[in-house]
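Biologist: I would like to go through this model with you. Shall we take it feature by feature?

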Amino acid sequence: MKKVCLYLWLSVASWGAALAQSAYPIVPKPAHLVPKNGHFIFPKTLLIAVTSTDPHLRHFAEEFAQTIGLVSGHDTRVFAGNFRVKEGINLVPGKDLKLGHKGYFLDISPQRIVITAEQPQGFAAGIHALKQLMPQAIMGAQRVQGVDWKIPCCYIEDQP
């Protein structure tokens, strides 16, 4: 009986890990990923706020907005300054020992997405991870019709 229970537990654990991996197909696998319920669904107008005046960070945001707008057809706008958006994407500079040179935190909820990093390489890695969670069409170079533009909610800490 103990062997059967152990086998069932291992089977469920393996199935759960495989299911989580398919819902969060990030390569390479992040150091820490916590699945959350729900999805961030792209609004008709997607706002990206850069809580900094750093020109590198604004450049990342503008390139990302341009890509999203091109393939999804959504109106995507970038704002820079000392504020965040309640519904949209926020790029937030931060200081934390876990971040380091290339580290990032990615927090996706149904209302907003927050990417926190200390260095430009961290923001690049965070945006790359976020793109991997989006529909595959985001990797294209032209507008795609009929795509359900949503992203599964989760929290990620990584230092690639």
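Biologist: Is Thr-116 buried or exposed?

Modeller: First, the ground rules: this is a predicted model, where local features need pLDDT of at least 70, side-chain atom pairs count only at pLDDT 80 or more, and totals for chains, interfaces and linings use all residues. Residues are numbered from 1 along each chain as its sequence is written, and side-chain values use heavy atoms, with hydrogens and water left out. Buried means under 20% relative accessible area, exposed over 50%, partly exposed in between (1.4 Å probe, protein chains only). Thr-116 has a relative accessible area of 16%, so Thr-116 is buried.

Biologist: Which residues does Thr-116 touch, not counting residues up to four places away in sequence?

Modeller: Thr-116 lies in strand β6, residues 112-117. Strands are DSSP runs of E, at least two residues, and helices are runs of H or I, at least four, numbered from the N terminus. Contact means heavy atoms within 4.5 Å. On that basis Thr-116 touches Val-92, Pro-93, Gly-94, Leu-99, Gly-103, Tyr-104, Phe-105 and Phe-123.

Biologist: How are α2 and α3 oriented, roughly parallel or roughly antiparallel?

Modeller: The axes of α2 (residues 55-72) and α3 (residues 120-133) come within 10 Å and cross at roughly 15 degrees. Axes are lines fitted to C-alpha atoms, for helices over the stretch in contact, and angles run from 0 to 180 degrees between N-to-C directions. Angles under 35 degrees count as roughly parallel, over 145 as roughly antiparallel, 65 to 115 as roughly perpendicular and the rest as oblique. So α2 and α3 are roughly parallel.

Biologist: Which residues of α3 does α2 meet?

Modeller: The α2 side consists of His-56, Leu-57, Phe-60, Phe-64 and Thr-67. They meet Pro-120, Phe-123, Ala-124, Ile-127, Leu-130 and Lys-131 in α3.

Biologist: Which peptide bond is cis, with omega near -5 degrees?

Modeller: Look in the loop between α1 (2-23) and β1 (32-41), where Pro-28 lies. The cis bond runs from Val-27 to Pro-28.

Biologist: How far apart in space are Gly-140 and Leu-70, C-alpha to C-alpha?

Modeller: Gly-140 sits in the loop between α3 and β7 (150-158). In sequence, Gly-140 and Leu-70 are 70 residues apart. In space, the C-alpha to C-alpha distance is 8.9 Å.
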